[in-house]
Structures are given as C-alpha cells and as structure tokens.
Amino acid sequence: MLLVLCPSFAAARQEPRRIPDTDRIRLAEAFRIAERLGNRVWSGWSKAPFAVALITPEYEFLVRHPNPPADFKRLGTDPLLASEVYVRKRVFQMELLASFPLNGVATIIIGQAENTDAKGSTPWVITLLHEHFHQLHYSQPGYYSQVAGLGLARGDETGKWMLDFPFPYKDPEVGSAFSTLCRALAEALDSRGTRQFPKKLSAYIESRKSFVGRLAPDDYKYYSFQLWQEGAARYTEHRIAQLAASQYAPTEAFRSMRDFTPFKEVADSILRRIESHLRTISLGQQQRVAFYAVGAAEAMLADLGRSKWQQRYFKEKFSTERYFTGH
C-alpha cells in the first residue's frame with residue numbers, strides 16, 4: 001500500500017526554518033540595546049554571555065550559544081541576530097522566565113512575550129535584559145563557589161534553594177516588621193530631593209535594623225543575597241529602560257510592532273510597580289518576590305550617596321546595606 005502525505009500534513013511535520021519574525025525583531029532589539037547601553041549601566045556587562053533559548057509552543061530556539069546541547073539541531077545563521085540558530089522540540093514550560101546553565105553556558109530561558117508575564121514587546125525586551133544581568137552575575141570569577149560559601153544550600157545541589165529556602169515568610173512578627181520596613185523605604189524614596197530625605201532615610205535604616213534583628217543568621221544571609229541579586233536586577237530594569245528612553249532610538253522594525261510601548265512608559269511603569277509593592281506587598285503572600293522591590297529601592301537610595309556602590313557591587317557580594325548607608 002502506498003502512503004501519500006498530503007501537503008498540509010507533511011508541512012506540519014517539518015521543523016521550522018527560522019525563529020518567528022516577531023521574536024527575531026524583539027531579540028535583535030535586546031541585543032542592540034545591550035551593545036549600545038549595557039556598559040553604561042554596568043561596567044563590563046558586554047563581556048557577559050548572552051545565550052538565549054526562546055520557547056515557542058512547539059519548539060525551542062537557541063541563539064548565541066557556543067556549546068549547544070546535542071538535542072538541538074542547527075538551522076543556520078540568522079543575519080539579523082548575527083548568530084547561529086539551533087532548534088529542538090519544546091521541553092520547557094512556555095511561560096518560563098529564568099536563566100541558568102545549559103550545557104555549561106549561562107543561558108536565558110524565556111517564553112514569547114505573548115506567553116509570559118512580560119506582556120508586550122518593550123517590557124519583554126527589558127525582562128530579557130533583567131535576565132542578561134543575571135548572566136553577568138554568573139560570569140563573575142568565583143561566583144558559584146562564593147554562593148556555595150554562604151552555606152544556605154543545605155545539601156541541595158540543584159540550586160533550587162535560591163527559590164525554596166525556608167525563610168520565615170509566615171512568621172507574624174517578621175511579616176509585621178517587614179511591612180514597617182517597606183513603608184519607611186517608600187517614604188524615603190518619595191522624599192528624594194527634599195529636606196525631609198535625611199530624616200526619612202534614618203527612619204528607614206532604623207526600621208531595617210528592627211527587621212533584621214528578628215532574623216536568624218541564615219535567614220539574614222538569604223535576605224541579603226536576594227536583595228543583592230534580584231533587587232539589583234529589578235533596579236537594572238528601571239535604569240536601562242530610563243537610559244533607552246533618553247539616549248536610544250529604537251529600530252523602525254521594533255517601533256512598528258503593534259504592541260510597541262515607548263521605553264519611557266516602561267521605565268515609569270517599573271518605578272510605579274516598585275513604589276506600589278513597597279506600600280502594599282505582603283511577605284506571607286508574595287514571599288521571595290517581595291524582596292525585589294526592596295532591593296531595587298535600596299539601589300536607588302545608593303545612587304544618591306557617595307559610596308560608588310556599583311564599583312563595589314561585584315567585589316562586596318551578597319549584601320547591600322553598606323551601599324546606601326555610606327559605609
């Protein structure tokens with residue numbers, strides 16, 4: 001019996017020839033922004049790897065990866081992305097936004113804008129750059145050994161402890177002190193540029209001490225680590241969106257996308273979200289994510305001081321409090 005495949009069925013079985021055009025434009029814009037602005041936000045950022053695995057409903061596309069896993073098949077060179085492109089059937093969840101080693105290379109694993117929390121092309125690009133900042137973390141000499149030296153893994157060798165560490169999120173006293181800290185931090189942030197700022201900053205520092213005093217040593221180390229890593233990444237989102245708004249001209253292809261948003265609107269939205277979270281977030285409900293806004297706001301306070309904190313950031317790892325207290 002001769003089996004003849006109809007054209008539609010045969011086409012359905014073929015692997016894609018390239019990344020969908022919408023995603024190619026988004027990726028190219030992120031690479032372009034990183035190239036033109038990245039080092040102005042963080043010195044040496046351009047030296048970090050920028051490997052990306054894009055997740056679509058059926059496939060995963062790998063770009064800028066020097067050592068693709070064996071199950072990825074080469075598609076060829078994409079001139080817009082200036083990269084070899086590889087593909088495999090989808091493995092990861094479509095809504096994933098993360099960065100971790102893939103075949104020994106720190107890689108951003110990210111779903112399409114339509115399938116993730118980063119709705120819209122411009123917020124998606126900024127989210128991608130958030131994850132690219134984590135690649136700068138991972139590329140620092142001694143990063144992994146120094147993280148292990150915190151002693152927080154407690155036998156976990158997968159890295160999941162960074163998400164699942166048993167912080168006392170549900171402790172009523174800890175939660176109450178955290179809410180007080182967040183309100184004081186919001187007031188300090190609001191008072192920037194006014195005569196009230198020194199007083200508000202002092203009030204925040206005192207509320208921070210009160211909160212930290214309720215934490216066990218390992219809990220404090222975990223809290224500090226999250227502020228340092230995830231809080232600074234949220235701060236970086238805002239900074240690069242600000243810079244793109246004032247000193248970057250989007251490509252015509254990116255501007256023409258139906259869900260394009262000006263970078264200023266995205267920068268303003270990130271700042272509003274940080275301020276809103278400080279006033280409303282619940283430690284018991286949001287848990288680890290509650291630390292993002294605190295770390296970002298502390299970085300913004302550090303920008304006002306004379307600590308040159310960004311020059312110290314990768315030398316004095318895993319703690320932020322000295323950056324904005326001027327020590």
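Is Gln-287 buried, exposed or partly exposed? The third point below takes this up, after an overview of the chain.

1. Overall build. This is a predicted model. The chain has 14 helices and six strands. Its radius of gyration is 22 Å, close to the 20 Å that the globule rule gives for 327 residues, so the chain is as compact as a globular protein of that length. Along the principal axes, the C-alpha atoms fill a box of roughly 80 × 45 × 35 Å.

2. Of the 327 residues, 50% count as buried. The accessible surface comes to about 16100 Å². Carbon and sulfur atoms account for 51% of that surface. Take the contacts between residues at least 6 apart in sequence: 70% of them join residues at least 24 apart. On charge, the chain carries 43 positive and 35 negative side chains. The centres of these two sets lie 4 Å apart.

3. Gln-287. Here is the reply to the opening question. Gln-287 has a relative accessibility of 31%, so it counts as partly exposed. That class lies between the cut-offs of 20% for buried and 50% for exposed. Gln-287 sits in the loop between α11 (283-286) and α12 (290-302). Its backbone deserves a look. Most residues other than glycine have a negative phi. Phi of Gln-287 is near 50°, a positive value.

4. Phe-318. A positive phi turns up here too: the value for Phe-318 is near 70°, and this residue is not glycine. Phe-318 is found in the loop between α13 and α14. Its relative accessibility is 10%, so Phe-318 counts as buried. The cut-off for buried is under 20%.

5. The pair of Trp-228 and Phe-318. A search of the whole structure finds 35 aromatic pairs. In one of them, the ring centres of Trp-228 and Phe-318 are 5.1 Å apart. Why is this pair edge-to-face? The planes meet at 75°, so the pair falls in that class, for which the angle must be over 60 degrees. The pair links distant parts of the chain, with its two residues 90 apart. Trp-228 belongs to helix α8 (residues 217-247), while Phe-318 lies in the loop between α13 (309-312) and α14 (321-325). Trp-228 is buried, with a relative accessible area of 0%.

6. The aromatic cluster. Trp-228 and Phe-318 are also members of a cluster linked by ring pairs. Among the other members are Trp-42, Trp-45, Phe-133 and Trp-161. The cluster also includes Phe-225, Tyr-235, Trp-309, Tyr-313, Phe-314 and Tyr-323.

7. Ile-55. This residue lies in strand β1 (residues 51-55). Ile-55 counts as buried, at 0% relative accessibility. Which residues does Ile-55 touch, leaving out those up to four places away in sequence? They are Glu-60, Arg-90, Phe-92, Gln-93, Met-94, Leu-96, Ile-109, Ile-110, Gly-111 and Gln-112. Ile-55 and Arg-288 are 233 residues apart along the chain, and their C-alpha atoms are separated by 25 Å.

8. Tyr-59. Strand β2 (residues 59-63) holds this residue. Tyr-59 has a relative accessibility of 9% and counts as buried. How far apart are the C-alpha atoms of Tyr-59 and Pro-16? The separation is 8.4 Å, for two residues 43 apart along the chain.

How values were computed. Residues numbered from 1 in each chain as written. Heavy atoms only, no water. Helix = DSSP H or I, 4+ residues; strand = E, 2+ residues; numbered from the N terminus. Rg over C-alpha atoms; globule rule 2.2 N^0.38 Å. Buried < 20%, exposed > 50% of the residue type's maximum accessible area, 1.4 Å probe, protein only. Contact = heavy atoms within 4.5 Å. Areas by Shrake-Rupley, 256 points an atom, 1.4 Å probe, with all protein chains shown as cover. Lys, Arg positive; Asp, Glu negative; His and termini not counted. Charge placed at Lys NZ, Arg CZ, Asp CG, Glu CD. Phe/Tyr/Trp six-rings, centres within 6.5 Å; stacked < 30°, edge-to-face > 60°.
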